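Hi,

Here is the structure for you to look over. My notes on its salt bridges follow below.

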Amino acid sequence: MHEWQEGDYKPSLGTSVQYLKGVGPHSAKLLSKLGIETVRDLLNLVPRRYIDRSTLKSIRDLRVGDLVTVMGEVGMAEVKMTGRGDLFTLMLSDGTGIVDCAWFHQSRYLKNQLKPGTKLIVSGEVSYYRGKQFLHPEYEILSSEEDELLHTGRIVPIYPSTQGLHQKRLRRMVKSALDLCLPQLSETLPDHLLRSLDLPPLTEAVRQVHFPDELSSAQLGRRRLAFEELFYLQLLLAIRKRRVSSRRAGISFASDGELANKLLESLHFELTPSQKRVLEEIVENMRSSRSMHRLLQGDVGSGKTIVALCAMLRAAESGYQAALMAPTEILAEQHFLVLKDLLGRIGMDIFLLVGGMKKSEREDVYERIADGTARIVVGTHALIEEGVTFKSLGLVV
């Protein structure tokens, strides 16, 4: 076992989190349940919410209904038995007044934790029962001046956690990681982009996300981190698209659209301007020898299926096969029934392939796919399982 100590080596962003000051093997094992293995992972643990403790209330100024935070010292504490079960109560004093705090069904634990003389911070709604009180408030025990700086008098982060890993411990770990490794974070976005979007530098964003000066600073830091994640995702997708497009030519579907036109003429409605525009763009892409990368997005009932079917018919008319893959068998069967009705109007067959089919039915569809008889197929992930061989697949929707 090795823990970082003063005068010892300082951890880097890639260092196992167990070697961070105040962590150790046991806490590292708990952190791993949150996906945290390195110091960098710990810095990337974004709080799920914040509690504003930047202004502490004096007990004498408390009003019923207020959501407040107070700090004081535990006076008398006792366990009472009530009709609702055991009740642990204590009196909290800050020199300006006294307020009661009460918790049901936690006496066994709390009586050993919150003893007279304990310095405590509590947050909650002020209620009234024989005087002002907090019922089941959030609380933290303050054992040092550092605790007060981390857990009171500021915007306090609340992190995703796991059993055995308390918020105070997490905050100390994150604070240690910030103190030792924050300067090691390298800025990757250009200054002009940050200025144009009014985003803070990376180190400042990370600092404000964990221990913000104001709630607005935390939100700005989170916005910066979210933008960076989406920016690089888009960049990677663009690079991948460029590589795929330049590596090899795709299929040029040169059909005249006779089948699709017959289908559209059989409908009892006309495509909307948006559907027509999107379909024209898809057809133009399909005529090109460059691979098409397209996401068709729309609300339920907006007509995505009919547009997709017209594109599939273009592929089938060009001598290829087309497949529509759905995430569940129920959805696949629903699509199959809809498309079967539509394609029946133009005398075209359609086939269904899902995992729940009988073996004989499934093998029959396998054969029809392999010999090209099945020009249009609807199914689940069963479409891409071993044993399925398309003769001339041209389009997967």
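Asp 66 is buried, with a relative accessibility of 17%. The cut-off for buried is under 20%, so Asp 66 falls inside that class. Please keep in mind that this is a predicted model.

The partner of Asp 66 is Arg 63. The two form a salt bridge, and their closest N and O atoms lie 3.5 Å apart. Arg 63 itself is exposed, at 57% relative accessibility. So this salt bridge pairs an exposed Arg 63 with a buried Asp 66.

The whole structure holds 13 salt bridges. Here are some others to look at.

Glu 78 and Lys 80 meet through their side chains, with an N to O distance of 3.8 Å. Glu 78 is partly exposed, at 32% relative accessible area. Lys 80 also counts as partly exposed, with 38% relative accessibility.

Next is a pair within a helix. Arg 277 forms a salt bridge with Glu 281. Their closest N and O atoms are 3.4 Å apart. Both residues sit in helix 10, which covers residues 273–287. They are four residues apart there, so about one helical turn separates them. Arg 277 is partly exposed, with a relative accessible area of 44%. Glu 281 is partly exposed too, at 30% relative accessibility.

Best wishes

How values were computed. Residues are numbered from 1 along each chain as its sequence is written. This is a predicted model: local features need pLDDT of at least 70, side-chain atom pairs count only at pLDDT 80 or more; totals for chains, interfaces and linings use all residues. Side-chain values use heavy atoms; hydrogens and water are left out. A salt bridge is a side-chain nitrogen of Lys or Arg within 4 Å of a carboxyl oxygen of Asp or Glu. Buried means under 20% relative accessible area, exposed over 50%, partly exposed in between (1.4 Å probe, protein chains only). Helices (H or I, at least four residues) and strands (E, at least two) are DSSP runs, numbered from the N terminus.
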